[in-house]
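Please keep the sequence and the structure in view while reading.

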Amino acid sequence: MNEERKIWIIGDSHIGLGEGDEQKIVAWIDRLALLNPKALYLNGDVFHYYIGNPKFMTSAVERFLERLRVLREAGTEVIWVEGNRDFFVRGSAAERAITRVVDFEEIQAGSRRFYVIHGDMINDRDLPYRFWRSFSKNRFMELAVKMVPRRMARRIVDRVEKKLAMSNFKHKVRLPVELMDAYGEQKRQQGIDLVVFGHFHHKLLVPPERPKVAVLPAWFEKGEALSIAPDGEWTFEIV
């Protein structure tokens with residue numbers, strides 16, 4: 001049985017924070033669990049935004065994290081690859097519910113090597129986005145979130161998130177395929193067979209004929225994932 005266990009990767013689930021917003025993905029994890037997955041990778045932007053501070057916890061967040069904890073304790077590794085809407089995950093309730101939090105991770109399956117990273121920093125031309133991302137993900141901002149009242153903290157983070165979305169929007173309208181290709185080629189020279197991005201919300205293979213890069217579709221649209229079999233064969237699937 002263990003030899004048949006697949007690795008699954010989803011990106012951009014963008015779970016809402018309101019009551020019941022977690023139900024769709026919890027049901028999806030219930031179905032996935034029946035397949036006895038070896039690992040589940042959450043490739044960034046798991047929630048509309050996640051802030052690792054108790055004042056931002058809601059029942060939807062708590063129920064989703066509890067479902068991840070149960071999945072992990074049943075024998076599935078759960079890896080959170082940090083995205084641009086994931087703030088201060090390390091040391092938070094999310095980290096305690098999963099196997100680990102990473103910025104990127106390499107996967108070996110059969111003779112193939114995969115490199116999973118969110119992908120939001122690939123576009124070095126988007127300087128406003130890089131500035132706002134840096135501003136929103138540092139110790140000062142983490143301390144500010146801890147110090148200020150909950151309502152004010154939410155306003156600060158909402159403002160930063162809107163800046164991030166506005167600065168990055170134009171680069172999602174036209175996908176930076178040439179940069180993806182260059183990044184994939186760089187990784188291929190290092191022995192990586194396939195880079196797996198999230199972030200861009202468009203299922204894409206670069207180049208189509210012999211992919212170096214696979215861009216995940218946004219999970220919230222169709223519930224689609226990328227699966228990797230033990231022999232390294234991979235495909236997109238809807239569970």
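The model is predicted. The chain contains eight helices and 13 strands, and buried residues account for 54% of its 239 residues.

**The chain as a whole**
- The accessible surface of the chain amounts to about 11,500 Å², and carbon and sulfur atoms contribute 55% of that surface.
- Of the contacts between residues at least 6 apart in sequence, 70% link residues that are at least 24 apart.

**Strand S4 and its partners**
- Strand S4 spans residues 77–81, and four of its five residues are buried, so the strand is mostly covered.
- S4 runs parallel to strand S2 (residues 39–43), and five bridges join the two.
- Within this pairing, tyrosine 41 has isoleucine 79 in S4 as its bridge partner.
- S4 also runs parallel to strand S6 (residues 100–102), to which three bridges join it.

**Arginine 67 in helix H2**
- Arginine 67 lies in helix H2, which covers residues 59–73.
- Is arginine 67 buried or exposed? Arginine 67 counts as buried because its relative accessible area is 16%, and the cut-off for buried is under 20%.
- Leaving aside residues up to four places away in sequence, arginine 67 touches Val26, Ile29, Asp30 and Ala33.

Methods. Residues are numbered from 1 along each chain as its sequence is written. This is a predicted model: local features need pLDDT of at least 70, side-chain atom pairs count only at pLDDT 80 or more; totals for chains, interfaces and linings use all residues. Side-chain values use heavy atoms; hydrogens and water are left out. Buried means under 20% relative accessible area, exposed over 50%, partly exposed in between (1.4 Å probe, protein chains only). Contact means heavy atoms within 4.5 Å. Two strands pair if DSSP finds at least two bridges between them. Accessible areas come from the Shrake-Rupley method with a 1.4 Å probe; for residues, only the protein chains shown count as cover.
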